[in-house]
Amino acid sequence: MPKTIRKVSAKAHAQAAGIGGTKNIITQTDPFWNVILKRLGRMGRTYGFQRVEMPILDDVDLFDQYYNSMANAPEPVTVEVNGKSMMVRPTILPQVLRHYAGLKDMEEIPMSKWLYMGNVIKPQQNTGGVSSEYEFGTEVLGTFTHLTEAQTIAAIWHLVQELGLAEATLEINTIGDNNSQATYGNVLHEFLNNKKFELCDTCNESLNTRVFDVLRCNNLECQVVFAEAPTVLDFLDDNSQKHFTLVLEALDELQIPYQLNPLLVGPAGSSRTNCIIRYKHNSHSVIIAEGAYHDTIIKGFSGNEFSCFGFQGSLTALHKAMELATIEVLPETSCEVFLVPLGELASKRSLRLFHDLTIADVRVYDHFGTVGVKNQLKQAEDHKSPIALIMGQKEAMDEMVILRDVKSGMQELFSYDKIVIEVKKRLGR
């Protein structure tokens, strides 16, 4: 029976700080998040991924079906909504695949490229609590070739590189189609079954559910055992071998470095190409994103054949990797124009000036504070603004504005009706 979050009434305002195990994302105080989210958005635009959003609550049956074939599936976290049990999503991928499979319009669109992100809530079996993670993913769905597959890998790889994680590695393998997996699975099971007393309890459970999950175990003693196991590459059929070769050749063409890992397998539902992007720092190892074909999952939802390849990643893991790499990221405070109103009337006039500038697509810092001119001009320097617009009581009454070059300190007086044109001219527009 799914676990239900109990309703807890707030006893005091001080206790309403948040649920233990969850995290807040504040870009102003944590510049890593600002950079990560901006780079992710730019990656989506560059590689043509369209943003999709999924609800944080969904049917319990959807996730039960998704986790059905997985050993040690997490106990779901549910809430009651109008007498119906709903699950707080622990991952977004099944929602994305189910939604695509249900869209009739997709039959007229040869290929779709989707980008998703959002909070997920995962139960912690050892503590009985929950933890939050900021998940993201890219998914290519429809009709595509190995070239699009390689381009999807390149998108995530370049995202990681742009964030300064130069020491990240791309590990890649294939587990082939269903026939290749069945053949290799039997061989692997026979090998591991003879060594089951050397494996942990979890791996022994996997022998009876999905034998490939043994290879995903992080237990060092288990890793010693399956390091000697036969590899899937020796059991691929001709089509699977050809496909994997073409993917590797495309990555070579893109000059993306990779490491072949013949024991790399994805979670249940994965097929063909499997890859992970990992960042290592001393004893820490962070998996940033994991890619695979998800055809089996979407067929389980819809009963239809769809080709889909993509990455599931963690922005939380990206954040941790950047911390480990001690990457220096300064708060992004740059703007093109800094308003310096002096007095109540000037501040009111600056509201209109702010509106006119933003309509003209000029980035403006809009703090209508009460600090003096020196402090405001110092803030203009700190915000790396090339232009400051100063308006005092007299200027406000006369419909005039002082334009100051922040770097040189040179000032000129302009009438209000000409200031926007002059600002754009100074900015090279």
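Is His284 buried, exposed or partly exposed? In this predicted model, His284 has a relative accessible area of 36% and is therefore partly exposed. The legends below take this residue first and then turn to other sites.

Figure 1. His284 belongs to strand S11, which covers residues 284-293. With neighbours within four places in sequence left aside, the contacts of His284 are Tyr279 and Leu324. His284 and Leu324 are separated by 40 residues in sequence, yet their C-alpha atoms are 8.4 Å apart.

**Figure 2. Overall content of the chain.** The protein contains 14 helices and 17 strands. Of its 429 residues, 46% count as buried. Among contacts between residues at least 6 apart in sequence, 69% join residues that are at least 24 apart.

**Figure 3. The largest nonpolar core and Leu165.** This core has 50 residues, of which Met43, Leu165, Ile288 and Leu318 touch the most other members. Helix H4 (residues 146-162) supplies the largest share of the core, with 8 residues. Leu165, when neighbours within four places in sequence are left aside, is in contact with Val160, Tyr279, Ile288, Leu318, Ala321, Met322, Ala325 and Ile327. In soluble globular proteins, nonpolar side chains tend to be buried together.

**Figure 4. Packing of helix H1 against helix H10.** The axes of H1 (residues 31-47) and H10 (residues 315-324) come within 10 Å and cross at roughly 125°. The two helices, H1 and H10, are therefore oblique to each other. Their crossing is right-handed. On the H1 side, the residues in contact are Phe32, Trp33, Ile36, Leu37 and Leu40. Their partners in H10 are Leu315, Thr316, Leu318, His319, Met322 and Glu323. Sorted by class, the contact of H1 with H10 comprises 8 nonpolar, 2 polar and 1 charged residues.

**Figure 5. Packing of helix H1 against helix H4.** The axes of H1 and H4 come within 10 Å, with a crossing angle of roughly 150°. This angle makes H1 roughly antiparallel to H4. H1 passes H4 in a right-handed crossing. H1 contributes Arg39, Leu40, Arg42, Met43 and Tyr47 to the contact, while H4 contributes Gln151, Ala154, Ala155, Ile156, His158, Leu159 and Glu162. By class, the residues in the contact of H1 with H4 are 7 nonpolar, 2 polar and 3 charged. Leu40 of H1 takes part here and also in the contact with H10. Met43 of H1 takes part in the contact with H4 and is one of the residues that touch the most other members of the largest nonpolar core.

**Figure 6. Packing of helix H2 against helix H3.** The axes of H2 (residues 60-67) and H3 (residues 93-101) come within 10 Å and cross at roughly 105°. H2 and H3 are therefore roughly perpendicular to each other. Leu62, Phe63 and Tyr66 of H2 meet Leu93, Pro94, Gln95 and Arg98 of H3. The contact of H2 with H3 has 5 nonpolar, 1 polar and 1 charged residues.

Figure 7. Glu328 is located in the loop between H10 and strand S13 (337-341). Its relative accessible area is 70%, and Glu328 is exposed. Although Glu328 and Gly164 are 164 residues apart in sequence, the distance between their C-alpha atoms is 9.4 Å.

Figure 8. Asn82 has a phi near 55°, a positive value in a residue other than glycine. Asn82 is placed in the loop between strand S4 (77-81) and strand S5 (84-88). With a relative accessible area of 81%, Asn82 is exposed. Asp361 has a phi near 65°, a positive value in a residue other than glycine. The loop that holds Asp361 runs between helix H11 (344-359) and strand S14 (364-365). Asp361, at 59% relative accessibility, counts as exposed.

Conventions
Residues are numbered from 1 along each chain as its sequence is written. This is a predicted model: local features need pLDDT of at least 70, side-chain atom pairs count only at pLDDT 80 or more; totals for chains, interfaces and linings use all residues. Side-chain values use heavy atoms; hydrogens and water are left out. A nonpolar core is a set of buried Ala, Val, Leu, Ile, Met, Phe, Trp, Tyr and Cys residues joined through side-chain atoms within 4.5 Å. Buried means under 20% relative accessible area, exposed over 50%, partly exposed in between (1.4 Å probe, protein chains only). Helices (H or I, at least four residues) and strands (E, at least two) are DSSP runs, numbered from the N terminus. Contact means heavy atoms within 4.5 Å. Axes are lines fitted to C-alpha atoms, for helices over the stretch in contact, and angles run from 0 to 180 degrees between N-to-C directions. Angles under 35 degrees count as roughly parallel, over 145 as roughly antiparallel, 65 to 115 as roughly perpendicular and the rest as oblique. A crossing is left-handed if the near helix is turned anticlockwise from the far one by less than a right angle, and right-handed if clockwise. Ala, Val, Leu, Ile, Met, Phe, Trp, Tyr, Cys and Pro count as nonpolar, Asp, Glu, Lys and Arg as charged, and the others, Gly among them, as polar.
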